[in-house]
Amino acid sequence: MDIFKRIQNNPGVLGQWSKLGHGYFMFPKLEGDLGPNMKFRGKDILNWSITNYYGLANNEEIKAFDLEAAKKYGFSTPMGSRLMTGQTAVHEQLESEIADFMQKEDAFVLNSFYQGMVSIIDSLCGRDDVLLYNSDIHASIHDGIKMHTTKRLIFRQNDIENIESQLQKACEHAKERDGGVLLVTEGTIGISGRLAPLDKIVALKEKYDFRILVEDAHGFCTLGPNGMGAAEQLGVQDKIDLIVGTFGKALGLIGGFVAGNETVINYLRYNMRSQTFSEALPAAITASALNRLRYVKAHPELREHLWNVVTPLQQGLREAGLDIGPTESPVTPVYVSCKNMQEAVHTMVDLRESFGIFCMHIVYPYIQQGKVMVRLIPTVLHTQENIDYTIKSLSTITQNIKAGKYMDDKPIKNDTEDENAE
């Protein structure tokens, strides 16, 4: 079949909803200063969808530094990949301070967290190695694993007996081929907010020969006594071989890093194709990341402020009888039962249109059928008034579902095209 015809017949998991959801659920345009109060399609909304945990994206002190960094470096410097012409002193300084912050021997700054994650897995594993990963992985991990023809095994998240069983199989298979085992997991599960049982996983190193790679986008700077993430929270920071973090959550920026053993990081520095064959992170952004990291280190009270929002939000949701699962991080999912996709879409539209709450909605196949996940990302900028209003609104939504309010057979119209035509 012609490639383009096949695409027309099968636009993909998300693409099949593009006519219904483009500009509304997918590719929405939010306007105004980043924060809880923004505009969507000309209406005021209460925003719970931006991972600007510490509000650094619109911190005036941070913005003033960014302006000076942009004046100093522009947006072109350094031009080229790090391997060729893109190395700068500010990149090296950021890597040194990340390694120190994460209590690892070395670190490497990634121009793209997503691409970096893919390349790390690709660089580390050969055809004789075995990849073991959890069922709720981030797309970047999934894409890195997909590139390999090596043996792959999946374990059930937070089921340590299943993890050990699969790990035993992985080690046996690797031994037969003289390969190694790499266990990959998110430290803080981005969808559910739950922490991977890293303490129990690293304890298995006493019985099995394997390495562990942890992607901790949501845990970096928000979890642990010093903000190192889920591993520090669970007391095993020194036992994790490699940690990958992003600047796109707590630091409110782009880019990321990988931190670990000096020899391994240096190997990655020279072998990650997404880094050696693409542009370095611009110096202005790198300087901003360094400044933001220093800011977070200098203001440990930010974590307390964040949890002063997270705790009443999560407690209030539970007390209202809403299902937020066993989240252990700022990520706050609210699970709502829906009988079919039509009811799910009407529910999501009502939350946005009638209640003015903008947040991410996750449906099957990313969570189980019959459920819609409303994912809330609390930040230090949210207020108790925001929390109270959101809990009340979500309680009303669930009552409406039980009353069958959203079981409407009428098609849902996306009027984005009409707006654009005016």
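**Figure 1. Asp238, a residue on the outside of the predicted model.** A residue counts as exposed when its relative accessible area is over 50%. Asp238 has a relative accessible area of 58%, so Asp238 is exposed in this predicted model. To find Asp238, look in the loop between helix H9 (230-233) and strand E9 (242-246). Its side chain makes a polar contact with the side chain of Lys239, at 3.3 Å. Thr85 lies 153 residues away from Asp238 along the chain, and the C-alpha atoms of the two are separated by 34 Å.

**Figure 2. The whole chain, for orientation.** Before the other close-ups, here is the chain they are taken from. Its secondary structure comes to 16 helices and 14 strands. The radius of gyration is 22 Å, close to the 22 Å that the globule rule gives for 422 residues, so the chain is as compact as a globular protein of that length. Along its principal axes, the C-alpha trace spans about 60 × 55 × 50 Å. Of the 422 residues, 52% are buried. Among contacts with a separation of 6 or more, 70% are between residues 24 or more positions apart. The accessible surface comes to about 20300 Å², and carbon and sulfur atoms hold 50% of that area.

Figure 3. How many of the five residues of E5 are buried? Strand E5 covers residues 130-134, and five of its five residues are buried. In a regular strand, side chains alternate between the two faces of the sheet. In E5, Val130, Leu132 and Asn134 point one way, while Leu131 and Tyr133 point the other way. Both sets are buried. E5 is joined by five bridges to strand E6 (residues 151-155), and the two run parallel.

Figure 4. H14 takes in residues 341-353, 13 residues in total. From first C-alpha to last, H14 reaches 18 Å, close to the 18 Å expected at 1.5 Å a residue. Which residues of H14 are buried? They are Glu343, Ala344, Val345, His346, Thr347, Met348, Asp350, Leu351 and Arg352. These buried residues pack against helices and strands from several parts of the chain, including helix H2 (18-21), strand E2 (37-40), strand E14 (371-376) and helix H15 (384-402). Strands E12 (357-358) and E13 (360-362) are also among the elements they pack against.

**Figure 5. Thr390, a buried residue of helix H15.** Thr390 has its place in helix H15. Is this residue buried or exposed? At 0% relative accessibility, Thr390 counts as buried, because the cut-off for buried is under 20% relative accessible area. Its side chain reaches the backbone oxygen of Asn386 at 2.8 Å. Leaving aside residues up to four places away in sequence, Thr390 touches Leu46, Trp48, Ile357 and Leu376.

Figure 6. Most residues other than glycine have a negative phi, and most peptide bonds are trans. A cis peptide bond joins Thr77 and Pro78, with omega at about 15°. Pro78 is found in the loop between helix H3 (60-73) and helix H4 (89-102). Where does Gln103 lie? Gln103 lies in the loop between H4 and strand E4 (106-110). Gln103 has a positive phi of about 55°, although it is not a glycine. Its relative accessible area is 55%, which makes Gln103 exposed. Asp178 lies in the loop between helix H7 (160-176) and E7. Its phi is near 55°, a positive value in a residue other than glycine. Asp178 is exposed too, with a relative accessible area of 72%.

Methods: Residues are numbered from 1 along each chain as its sequence is written. This is a predicted model: local features need pLDDT of at least 70, side-chain atom pairs count only at pLDDT 80 or more; totals for chains, interfaces and linings use all residues. Side-chain values use heavy atoms; hydrogens and water are left out. Buried means under 20% relative accessible area, exposed over 50%, partly exposed in between (1.4 Å probe, protein chains only). Helices (H or I, at least four residues) and strands (E, at least two) are DSSP runs, numbered from the N terminus. Two strands pair if DSSP finds at least two bridges between them. The expected span of a helix is 1.5 Å times one less than its number of residues. Contact means heavy atoms within 4.5 Å. The radius of gyration is taken over C-alpha atoms; the globule rule is 2.2 Å times the number of residues to the power 0.38. Accessible areas come from the Shrake-Rupley method with a 1.4 Å probe; for residues, only the protein chains shown count as cover. A polar contact is a pair of N or O atoms within 3.5 Å; within protein, one must be able to donate a hydrogen and the other to accept it, and residues adjacent in sequence count only if both atoms are side-chain atoms.
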